[in-house]
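Please read the following note with the sequence and the model side by side. The points are numbered so that each can be checked in turn.

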Amino acid sequence: QVQLVESGGGLVQAGGSLRLSCAASGRIFRINVMGWYRQAPGKQRELVARITSTGSTNYADSVKGRFTISRDSAKNTVYLQLNSLKPEDTAVYYCNVGGLFTFWQPFDSWGQGTQVTVSS
C-alpha cells in the first residue's frame, strides 16, 4: 500500500498564492509520475499538472505560467506552487502518484484531497 498525505490548501484572495505538498509513503519500489488533479463542484476531475521521474512536466492550459509543479525524489514528495490564483481555481485538489510496488507490480494512488478556495 502507498499512502499519500496532502497539505497546503486553504482560503486565499484572488491574486494570492498557495503551495500544496503531497508526501508518499509505504511500499514503494519506484515512482514514475506524480501529479495534481482538481475537481470543482459540478465538474469532472481534471489534470492540473504532473511530473515524471525524469523531470518532464506538463500542465493544463488554464494554469500554464501560474502554477509550478516540482518534486523531491529523496522525500517522495511533490509540490504544486499556485500563483496568481483566480476564483475559477477553486476546487478540491488531489494528489496522484503512479509507480511500482515491486519490479513488476504497479500502483496508482490518490490523496484524500485538499480544498483550495479563491475569493474574488
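1. Helices (H or I, at least four residues) and strands (E, at least two) are DSSP runs, numbered from the N terminus. This is a predicted model, in which local features need pLDDT of at least 70 and side-chain atom pairs count only at pLDDT 80 or more, while totals for chains, interfaces and linings use all residues. Residues are numbered from 1 along each chain as its sequence is written, and side-chain values use heavy atoms, with hydrogens and water left out.

2. N76, found in the loop between β7 and β8, has a positive phi of about 50° although it is not a glycine. With a relative accessible area of 22%, N76 is partly exposed (buried means under 20% relative accessible area, exposed over 50%, partly exposed in between, with a 1.4 Å probe and protein chains only).

3. S84 also has a positive phi of about 50° without being a glycine, and its place is the loop between β8 and β9. At 40% relative accessibility, S84 is partly exposed.

4. The structure holds one disulfide (a pair of cysteine sulfur atoms within 2.5 Å), formed by C22 and C95 with their sulfur atoms 2.1 Å apart. Because C22 lies in strand β3 (residues 18-26) and C95 in strand β9 (residues 91-100), the pair ties together parts that are 73 residues apart in sequence. The link of C22 and C95 is left-handed, with -80° about the S-S bond.

5. Where do these two cysteines stand, buried or exposed? C22 is buried at 0% relative accessibility, and C95 is buried with a relative accessible area of 0%.
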